[in-house]
Amino acid sequence: MINRASIEAERGEHTHYVVPTTVEKRCRRCLSIWPCEQSQILDLALRAEGYRKALEDCIEALNVEDNRLRRQHPDPDFAHMVQSLGERIGYGVVMTEASRLWFEKAGSGAFSVGHCIAIQESAWEAARAALEETR
Ligand SMILES: [Zn+2]
């Protein structure tokens, strides 16, 4: 299986040395002029793994599927209270003020108010499509 660890292990075998009495560098494994083709390919593969991880983190952070599910199931105990407050003072005020208060209490572990649903879903779709291309 190809993964970051296997790529790093193979990349670790392609190191260079300076050919004695010259300034020429060669790969210890392939003996090709440095940087060897294999080390360059492996460096690109490591960069691609970094991009893949970043995309996976973005997809997880956007949390679109959980948010869709949550919107379909109102909280039986509190939905009516939040609705009443949101209708009275505005949903944006409820969300940003709740986020601010939670941040004061819990720091970076608190939920935050982000972009609107359409923008989040669009970014989520784009990140998923880009991730699919790496497979
Ligand atoms: Zn090499």
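Arg4, Ile7, Glu8, Glu10 and Arg11 of helix H1 are in contact with Ser39, Leu42, Asp43, Ala45, Leu46 and Glu49 of helix H2; two residues are in contact if their C-beta atoms, placed from the backbone, lie within 7 Å. This is a predicted model, in which local features need pLDDT of at least 70 and side-chain atom pairs count only at pLDDT 80 or more, while totals for chains, interfaces and linings use all residues. Residues are numbered from 1 along each chain as its sequence is written.

Two packed helices are described by the angle between their axes and the distance between the axes. H1 spans residues 4-13 and H2 residues 37-62; their axes come within 10 Å and cross at roughly 155°. Axes are lines fitted to C-alpha atoms, for helices over the stretch in contact, with angles from 0 to 180 degrees between N-to-C directions. H1 and H2 are therefore roughly antiparallel, a term for angles over 145 degrees. Their crossing is left-handed, that is, the near helix is turned anticlockwise from the far one by less than a right angle.

The chain has six helices and two strands, in the order α-β-β-α-α-α-α-α from the N terminus. Helices (H or I, at least four residues) and strands (E, at least two) are DSSP runs, numbered from the N terminus. The radius of gyration, taken over C-alpha atoms, is 25 Å, well over the 14 Å that the globule rule gives for 135 residues, so the chain is more spread out than a compact globule. That rule is 2.2 Å times the number of residues to the power 0.38.

| Property of the chain | Value |
|---|---|
| Box filled by C-alpha atoms, along the principal axes | roughly 80 × 30 × 20 Å |
| Distance between the centres of domain 1 and domain 2, over C-alpha atoms | 43 Å |

Domain 1 covers 1-54 and domain 2 covers 63-135; these bounds come from an automatic or database domain assignment.

Buried residues make up 4% of the 135 residues. A residue is buried if 20 or more other C-beta atoms, placed from the backbone, lie within 10 Å of its own, exposed if 12 or fewer, and partly exposed in between. In helix H4 (residues 79-89) the count of buried residues among its 11 residues is zero. Gly90, which follows H4, has a positive phi near 105°.

Leu31 lies in the loop between strand E2 (25-27) and H2. With 11 C-beta neighbours inside 10 Å, Leu31 counts as exposed. His16 is 15 residues from Leu31 in sequence and 8.5 Å from it in space, C-alpha to C-alpha.

Notes
Parallel < 35°, antiparallel > 145°, perpendicular 65-115°, else oblique.
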